[in-house]
Amino acid sequence: MSGKKVILSAVLLCMVVPSFAQLQKNYIIHDVVPTENVTSLEFNPSLEVLDNSAGTSISKMAFKAGFMVDEHFNIGLEVPLMRYESDGFAKNGLGDVSLSLTATQYEWGALSLGTSFEFIAPTATDDVLGSGKMQFSPSLYAVLMPGEHFFLAMGYKQYWSVFGNGNRADIDKGRFRAIFGYLSSDQWWVMADPRYVIDYQDSARAHFAPEFEIGTMVNPGASVYLRGGGKMGGNLPGPDWIVSVGFKVLHL
């Protein structure tokens, strides 16, 4: 297990580092500020180590698409292919597919607002690959961008299970999130992304799980990023650590 994690982390890093040779190109950064509305296609391999001591992990390849309907509305789709591993047991298959509708608004100078309504379908081909519940997840967020290089985003997302397998746990969670971002004139960016998750269903258990991201534009219509993080405190179960890489094709 540990060898596989080291190899995967090295592969992800090698996929990102060569792209930073493009840093001096004059490309504009797109699809980083949360309220920006862009048509995109993203490939996002990741590794989530759920329990480092027990060797429990989920490897995932997520295919994400966003279609800009008009200036303010976007339709999103995410399809995850997954592999669950734990103590000699492994299962491959499809995870829970999500569909979202996002609305953004840009009429208050440095301040922009966005809201999203996400539906997560219980499409997983095995219990260990999904929740077994149809979920509705609305979110609301705001972005303050006082200049061209810095932005602060604050948001809240709710997860509710609507119906599904009666033998699976109901879902009632909330996620508070803040993003502190820096956008370089050389077309690279860094972000700190602390997240606080509360489980209202089970005695208000919670955890704090920050993530960090660094990325760059590869050319005017594509970008790549490396993201990592994990749980740093709390009694709510969550991944011990996460590492992922993303490649986006923009303005399709």
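Select Leu 77 to begin: this residue lies in strand β3 (residues 73-86). Helices (H or I, at least four residues) and strands (E, at least two) are DSSP runs, numbered from the N terminus. The model is predicted, so local features need pLDDT of at least 70 and side-chain atom pairs count only at pLDDT 80 or more, while totals for chains, interfaces and linings use all residues. Residues are numbered from 1 along each chain as its sequence is written, and side-chain values use heavy atoms, with hydrogens and water left out.

**Stop 1: around Leu 77**

Buried means under 20% relative accessible area, exposed over 50%, and partly exposed in between (1.4 Å probe, protein chains only). Now show its contacts, meaning heavy atoms within 4.5 Å. Not counting residues up to four places away in sequence, Leu 77 touches Phe 63, Lys 64, Ala 65, Val 97, Ser 98 and Leu 99. Leu 77 and Gly 66 are eleven residues apart in sequence, and 6.5 Å apart in space from C-alpha to C-alpha.

**Stop 2**

Select strand β7 (residues 133-144) and β8. They pair in the antiparallel sense over ten bridges. Two strands pair if DSSP finds at least two bridges between them. Five residues sit between β7 and β8 in their hairpin. Find Met 134, which stands opposite Phe 163 in β8.

Next, pick Ser 139 in β7. Ser 139 counts as buried, because its relative accessibility is 13%. Which residues does Ser 139 contact, leaving aside neighbours within four places in sequence? They are Gly 114, Thr 115, Ser 116, Tyr 156 and Lys 157.

β8 and β9 pair in the antiparallel sense over eleven bridges. Here Phe 150 stands opposite Tyr 182 in β9. Look along the strands, too. In a regular strand the side chains alternate between the two faces of the sheet.

**Stop 3: aromatic rings**

Color Phe, Tyr and Trp. Their rings (for Trp, the six-membered one) pair if their centres lie within 6.5 Å; planes under 30 degrees apart count as stacked, over 60 as edge-to-face and the rest as tilted. The count by this rule is eight aromatic pairs. Zoom in on Tyr 156 and Phe 176: the ring centres are 4.7 Å apart and the planes are at 55°, so the pair is tilted. Tyr 156 lies in strand β8 (residues 150-164) and Phe 176 in strand β9 (residues 172-183), so the pair ties together parts that are 20 residues apart in sequence. Tyr 156 is partly exposed at 26% relative accessible area. Phe 176 is partly exposed at 39%. Then select Phe 117, Phe 119, Phe 136 and Trp 160, which form one aromatic cluster.

**Stop 4: strand β14**

Move to β14 (residues 222-229). Why is this strand largely enclosed by the rest of the structure? Six of its eight residues are buried, so the strand is largely enclosed. Show strand β13 (residues 211-219), which pairs with β14 in the antiparallel sense over eight bridges. Their hairpin runs through two residues. Gly 215 stands opposite Tyr 225 in β14. Then show strand β16 (residues 241-250), joined to β14 by eight bridges and running antiparallel to it. Ser 223 stands opposite Lys 248 in β16.
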